[in-house]
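Let's walk through this model together, one region at a time. Keep the viewer open as you read.

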Amino acid sequence: MPTVRVAPSLLAADFGCVQAEIERIEEAGADLLHLDIMDGHFVPNLSYGIPVVEAVSRCTDLLLDTHLMLSDPDPYLAPFAEAGAGSMTVHLEIAPDPERLLSEIGSLGCRRGLAVNPKTPVDGMLPWLEQLDLALVMSVEPGFGGQSFMPEVLEKVRVLRQAIDSRGLSVDIEIDGGVGPANAKECRTAGANWLVAGSAVFKAEDPARAIKLIRGD
């Protein structure tokens, strides 16, 4: 099993004091920082864009795990890479043949990620595993934070883990949506090793304890 990493989602932070919030979760032991980029079209919400990513990159040395929930990510790949994204994930729903996008992400020096929504079969991701560094399974409908975890998506994680391991690949499996101490063990057991947690970390009284519980320390 690859190393388990916890990626607090910035969407759950207090944007009135973002730098302090980032420093707080760094001190608590966060491994990565998850950035949700929403365009109001692919998902029914807007979040933040390139200037915020650039500002965040100046606040932290954590890898910026950038989730592009965009109908047309192509024009934004280079700008997000220049802004400091270390990993960029696009959705299978907007790119059934994602080879060109993944190649571009890799050429920009970023980790290549591909995501599927809860209702999207995971089979469409399997042909692209050799081109991936990261496979993201959404465990809520994307667009808003604070939703309840959908345990039925864990079967997708199991399918991905079996396929990745059987091919001898080193692709990380990320799960995002409603993840916290209460269900993190299920996620890890299914095969996920990057766990995105928003409110469970940023809203926790003791973020360090929350991160340890999610990571399984």
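Helix H5 has a buried set made up of Leu154, Lys156, Val157, Leu160, Arg161, Ala163 and Ile164, where buried means under 20% relative accessible area, exposed means over 50%, and partly exposed lies in between, using a 1.4 Å probe and protein chains only. Helices (H or I, at least four residues) and strands (E, at least two) are DSSP runs, numbered from the N terminus. The cover over these buried residues includes strand S5 (111-116), strand S6 (134-138), S7 and helix H6 (184-190).

A word on the source: this is a predicted model, in which local features need pLDDT of at least 70 and side-chain atom pairs count only at pLDDT 80 or more, while totals for chains, interfaces and linings use all residues. Residues are numbered from 1 along each chain as its sequence is written, and side-chain values use heavy atoms, with hydrogens and water left out.

Back to H5: its 13 residues reach 18 Å from the first C-alpha to the last, close to the 18 Å expected at 1.5 Å a residue; the expected span is 1.5 Å times one less than the number of residues. Just after H5, glycine 168 adopts a positive phi of about 70 degrees.

Follow the chain onward to valine 171, in the loop between helix H5 (154-166) and strand S7 (172-176). Valine 171 is buried, with a relative accessible area of 3%. Setting aside neighbours within four places in sequence, its contacts (heavy atoms within 4.5 Å) are Leu129, Leu132, Asp133, Leu134, Ala135, Arg161 and Ile164. Arginine 158 is 13 residues from valine 171 in sequence and 13 Å from it in space, C-alpha to C-alpha.

Now turn to aspartate 65, in strand S3 (residues 63-69). What is its nearest side chain of opposite charge? That is arginine 111, 6.9 Å away, and aspartate 65 is buried yet has no salt bridge, a term for a side-chain nitrogen of Lys or Arg within 4 Å of a carboxyl oxygen of Asp or Glu. Not counting residues up to four places away in sequence, aspartate 65 touches, among others, Leu33, His34, Leu134, Glu174 and Trp194.

Finally, the structure holds 1 aromatic pair. Phenylalanine 15 and tyrosine 48 form this tilted pair, at 5.7 Å centre to centre with 40 degrees between the planes. Rings of Phe, Tyr and Trp (its six-membered ring) pair if their centres lie within 6.5 Å; planes under 30 degrees apart count as stacked, over 60 as edge-to-face and the rest as tilted. Phenylalanine 15 lies in the loop between S1 (5-8) and H1 (18-27) and tyrosine 48 in the loop between S2 (32-38) and H2 (50-59), so the pair ties together parts 33 residues apart in sequence.

Definitions and conventions: Lys, Arg positive; Asp, Glu negative; His and termini not counted.
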